[in-house]
Each structure stands twice: as structure tokens, then as C-alpha cells.
Amino acid sequence: MKAALIEAPGKVSVTQVPDPTPGPREVVVDVAACGLCGTDLHILQGEFAPVLPVVPGHEFAGEVVGVGGDVTEVSVGDRVAVDPSLYCHECAYCRAGRGNLCDRWGAIGVTVAGGAAEYAVAPVANCVRLPDHVDVRDAALIEPLSCAVRGYDVLRSTLGAEVLIYGSGTMGLMMLELAKRTGAVSVDVLDVNPERLATARSLGVSRAAANADELDRPQGWNLVVDATGNAAAIQDGLGRVAKGGTFLQFGVADYATTAVIEPYKIYNQEITITGSMAVLHSYERAAALFAGGVLDPSVFISDRLPLDDYAEAIDRFKAGKGRKIVVTP
């Protein structure tokens, strides 16, 4: 079959790889669409994936075309979205219900072959059936939405929150949509990309700007979310948290990225700094929200490219063009 392959840091191609064969409790999915995200760039840089080469693609959905001998939950012909998370279920974190912190954490498209291919194999436990009205070509959005749901689980947001989001790419926009539905009294968005900021405005922000100083809020915001992973944005955001507020590191930064904190301020103003790692007990809820129309796929998906153009899709994403870019095998 044809698949994208990250062969070595900085080197990606589309090539022929062996067809996947399902194990007893696995299925083979005919991939309808696979989204790109910042994690794919990190893998291309030689981060995250423990071993290269690897077929990337952890945001995907498609039709079941093969099932293992012990699979009863889904059948050939079912349309599914796939949670890429792979946990050991044995370590202390898994036993405590914190599988996203698993000592042997893995993910389809990160540590094993993923959905940037004609076919992908996945545990049946990771497959969520899609209702008939959901277009399977749009369902690659469910995985990033499940990360955003996890982010709001971490925040335990209270009614009336004043929210500031750094970044209006896919993840920032998803956090915006969830903020609007979790009782925020205002949601402001920052981005230096005018096109992306225009999309945030179209979705209904309270205010949008390139810089927080333009918003004239010296007291800060009680909930600040970084959805960029950018060092400058993170540093600025840490200084915009109001007394008693929370800063969520949601965007994926490079390993080498650092920021300076002010320990006395954190103590004296009771500021919380926290993070949100991937998916945890949130994929099914994200699928239900997606089926319920929480996102408009026509707004979120800006580019659909054939799998053969995977390298171009990566370049577009790296350049900050568009919003969610998906490849279609």
C-alpha cells in the first residue's frame, strides 16, 4: 500500500509499504482522511517518535475493511474514528487512570504506523463508530477535539471565566468553541496571522488582536491558554494571568523551549500553571460533541490534499497556511 514515511529527521516521502495485518483484537481501516498537526512536525524534527522510520498520522477516520478473529464490536463496512492512544495498562499511572502519562506511552502515528496511508491498523477498543450523518472525511477532527476536551477537563473551568487564548490555529479555535460552551463570560484570541485571526472573529470572539496590549486589560485574565507552543507567546501569557487565575500549556512546544516564571508572584497571587497531555477519557465525548455539531468542518478544514502531496501538506502547515490540513489517500 501507499503511505507517507518519515525516514529520518527532516526527511519525508510517499512510498510503498506492506499492507497491515490485524491481530486478534485489531481492525484494518481504509483511511478516508488524516489530519496534520504540530506533533507531526515534532516527529519530522526527530522528537517524540522513539524510532524512525515511522508512518505518521494520529488524526484519522475511515471504513473498517478487515477484522481480527476475536473482534465482535465492529464489522466490515462500519465507519469509525480512531483514538490513537496506546497505553500499557500496567504501570502506576495507568493503574491510577492516568494513561496519558503512561510510562510506556505510545500512539498510532507516533510510535507505530499511523493513518497517513491508504490503510491503518488499530485496536478495536480504540475505534468509535460514526453515526450516519457524520461525513467520515471530516471525522479526522475528532482526535484534536478530544485533546481540547481533555484541556477543559484539566481546567475545570468555572462559570463566568474571562479567557485569553494564544493562537487561532485548529487547536486555538477548538478551545475557543469549547470556552463559548463552558460558561465563559468573554473569550479573547491573539494571533499574529491575520487570516487565522479573521477565522476566530467569524466564530464569535469577544475581542481579537495581534498583541495582548491592544486589549487593554492590565488586571489580566483568569484563564490563559497557550495553543501555540511558541516561546514568546508562552512567556507573554504567563504574565497575563490575573490573581487567582490559571495558565494552561496546551500547545506543544519544542523540547528546548523554556520560559521564566516568577515564584513569588505565583505564591502571592495563587496562580496555577498546568498542562494538558493528549487524550484521556475524552475521545468518545469528543466524538459525541462532533456528531452534535460543536464544530463546523467547513470552517476548520481549510485544505484537503492527496496523500501523494504529503510533503507539500507538511510545508503548508509549517508555513502557517490555512487551518486544519488533511490528506486523503
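**Salt bridges and cysteines**

Me: Is Arg217 buried or exposed?

Reply: Arg217 has a relative accessibility of 18%. This is a predicted model, in which local features need pLDDT of at least 70 and side-chain atom pairs count only at pLDDT 80 or more, while totals for chains, interfaces and linings use all residues. Residues are numbered from 1 along each chain as its sequence is written, and side-chain values use heavy atoms, with hydrogens and water left out. Since buried means under 20% relative accessible area, exposed over 50% and partly exposed in between (1.4 Å probe, protein chains only), Arg217 counts as buried.

Me: Which residue forms a salt bridge with Arg217?

Reply: A salt bridge here is a side-chain nitrogen of Lys or Arg within 4 Å of a carboxyl oxygen of Asp or Glu. The closest N and O atoms of the pair are 2.5 Å apart, and the partner of Arg217 is Glu162. The pair ties together parts 55 residues apart in sequence, because Arg217 lies in the loop between strand 12 (207–209) and strand 13 (221–226), whereas strand 10 (residues 162–166) holds Glu162.

Me: How many residues apart are Lys324 and Glu59?

Reply: Lys324 and Glu59 form a salt bridge, with 2.9 Å between the closest N and O atoms. Lys324 is buried at 2% relative accessibility, and Glu59 is buried at 1%. Lys324 sits in strand 17 (residues 324–328) and Glu59 in strand 4 (residues 59–67), so the pair links distant parts of the chain, with a separation of 265 residues.

Me: How many salt bridges does the rule give in total?

Reply: Another pair is Lys11 with Glu7, with closest N and O atoms 3.7 Å apart; Lys11 is partly exposed at 47%, as is Glu7 at 29%. Glu177, Lys180 and Arg181 are linked in a network of salt bridges. The count comes to 17.

Me: How far from Cys147 is the nearest cysteine sulfur?

Reply: Cys147 is buried, with a relative accessible area of 13%. Cys147 is in no disulfide, and the nearest cysteine sulfur, in Cys37, is at a distance of 7.4 Å.

Technical notes
A disulfide is a pair of cysteine sulfur atoms within 2.5 Å. Helices (H or I, at least four residues) and strands (E, at least two) are DSSP runs, numbered from the N terminus.
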